[in-house]
Amino acid sequence: MDSVPNYNKNQIFSYGILLLSGLYFAFISAYSINQADLGFQLSAVGRLKTGQIIYKDYDFIRPFFGVIFWDYLLKVIPLQFDYLILISRILVIIESFVICSVIQKLIFDKKDLQTTVFLVLCFLHTFPIMPWHTIDGIFFAVLALLFYKEKWYLSSLLFIAFASLTKQSFAIFGLGASVIILFDLFKKFVITKKDLYLFIPSFLFLIAVLFQYRIIENFNLFIEQVLQPASPSYVYEGCIAPYFSFEKKFHTILYILSLALIYFININRKVFEIALVVVLPVFIIYPFFNDGQFKGTYVLYVILFILFLKYERQNKFIFLLLFLGWCSSISWGYNTPVFFILILLYKFIEKQDRFFLLLWGIVLTVFSIYRGKYPYHSESLTSKHVFIKNAPAVSGLLVSEKEYSYILEAQQIHKTHKDVIFLPASPLLDIINASFLNRASWEMDVEYPSWKSDLQKLKTNTIAVDNNLLHYYKEGFFVSSMTLEMMKQKKAIKKTKYFTILR
């Protein structure tokens, strides 16, 4: 007679949280939309699907590989396929699982599914689920580190190149990591068959991409749009200052002294582990008391660096991931290392495994409530929501009635005015309407270097200006001169609930 498995309470609880985590991933795949960011990467892919050539026919101020990666992922899916956004979100979650599984292989002792799922929750945190160049860069970078660990040096260097070709800041990681890999390669020059089996087809794929997407042919445009010089003040204020300086010099000095004390004072590691067990839930709960915003991210990241330097100096992959996290945070928007911070925090406390299920339950619960209360540029679950049906690109999504009526109104405007351009930043509507009339779906100046030429070319087009978004783009870093100038040249012919139509 077969014996009946004897499940303890922890196993039952673990399977229960695993099931709830699966439901959570299904929920965030379908829940909410935002007009400004959700369609950004996919609008660039959509332009490729309509036959436009990157850099030549439309502006793109980032390297090309992330867009081409997604073009291949969605190759068999038509541009206006009803479930385009839903499928792309599912692919982002799968991409995140790959990232976290690789990180697990790089630095964690535990290799079980439960830990992988927990790490994915931490990696995605409260980030809106959508294709994004930062996630793509991390994806290729961690694969490069895995190949480096396997001593597949050529493949590692190539995938570092892939990562660097998704976003400029990853080139910093690529440069640093390449030096380390090349040093190991030339110290003992050995190329394995497995390395060649991966490197050769991957390299041929890159060469094919350069010709297929006419990158070489338009290389001067690529350089012109992508290699925009950063000012020294931006490099300091955006990349370094957030981690090491406060408004008051006294606080900065106190902070640096505290870091020195943490490093030099002889304290048992378990003290810091227990402290960070407490810090993790406090860190993720605090946004509920701060209008949905995390606080202390940069300080915590530096503290983790100091702690790893103190207790795990020999583990170079931890420091390569810390370096990667810093590079991923160099950005005009969402300039934070939060993709990595919870994963690295958990790595430090991994041996305190008696708290794992508790932390997993807290993380799942907090992020579930957070996404319902603070959806990115969207309405909370307290408002009435509907599932979209029979709509290009956005079918199957759970959105508020307000957001649904916004899309319906935009579709009606496009039906009436085929030459309409939605301003100042509506890439999702470009996808829904399969209409890419100007050279950028993000019409702010920093994303749209050719706006002046488009201003002349499109002077007879109808425009529909979002009544609520315009004030974000009137001035400052994200100013949309294209929108402001076209509004000066045209007259309002109709004002609807969400748009002002000008011709």
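1. Gly238 has its place in helix H11 (residues 232-239), where helices (H or I, at least four residues) and strands (E, at least two) are DSSP runs numbered from the N terminus. Gly238 is buried, with a relative accessible area of 12%; buried here means under 20% relative accessible area, exposed over 50%, and partly exposed in between (1.4 Å probe, protein chains only). Although Gly238 and Ser331 are 93 residues apart along the chain, their C-alpha atoms are separated by 7.7 Å.

2. A word on the basis of these remarks: the model is predicted, with local features needing pLDDT of at least 70 and side-chain atom pairs counting only at pLDDT 80 or more, whereas totals for chains, interfaces and linings use all residues. Residues are numbered from 1 along each chain as its sequence is written, and side-chain values use heavy atoms, with hydrogens and water left out.

3. The largest nonpolar core has 156 residues, and those with the most contacts inside it are Phe64, Leu321 and Val394; such a core is a set of buried Ala, Val, Leu, Ile, Met, Phe, Trp, Tyr and Cys residues joined through side-chain atoms within 4.5 Å. Helix H6 (residues 133-149) supplies the largest share of this core, 12 residues. Apart from this core lies another, of 13 residues, among them Ile421, Ala440, Tyr448 and Met482.

4. Not counting residues up to four places away in sequence, Phe64 touches Ile54, Tyr55, Leu165, Val209, Leu210, Ile215 and Phe222, contact meaning heavy atoms within 4.5 Å. In helix H10 (residues 219-226), Phe222 is buried, as are Gln225 and Val226. These three cover an arc of only 85° around the axis, which puts them on the same side of H10, the arc being that of the directions from the helix axis to the C-beta atoms. Asn220 and Glu224, on the other side of H10, are exposed.

5. Helix H16 (residues 316-328) and helix H17 (residues 338-348) pack with their axes 10 Å apart and at an angle of about 160°; axes are lines fitted to C-alpha atoms, for helices over the stretch in contact, and angles run from 0 to 180 degrees between N-to-C directions. The contact involves Ile318, Leu321, Leu322, Leu324, Gly325 and Ser328 of H16, together with Phe340, Leu344 and Lys347 of H17.

6. Ala440 is found in the loop between helix H20 (427-433) and helix H21 (451-457), and is buried, with a relative accessible area of 4%. Leaving aside neighbours within four places in sequence, Ala440 is in contact with Arg47, Glu447 and Tyr448.

7. Some backbone details deserve a reader's attention. Most residues other than glycine have a negative phi, and most peptide bonds are trans. The peptide bond from Leu423 to Pro424 is cis, with omega near 10°, and Pro424 is found in the loop between strand E3 (421-423) and H20. His125, in the loop between helix H5 (113-124) and H6, has a positive phi of about 35° although it is not a glycine, and is buried, with a relative accessible area of 0%. Ala434, which lies in the loop between H20 and H21, likewise is not a glycine and has a positive phi, of about 50°, but at 32% relative accessibility Ala434 counts as partly exposed.
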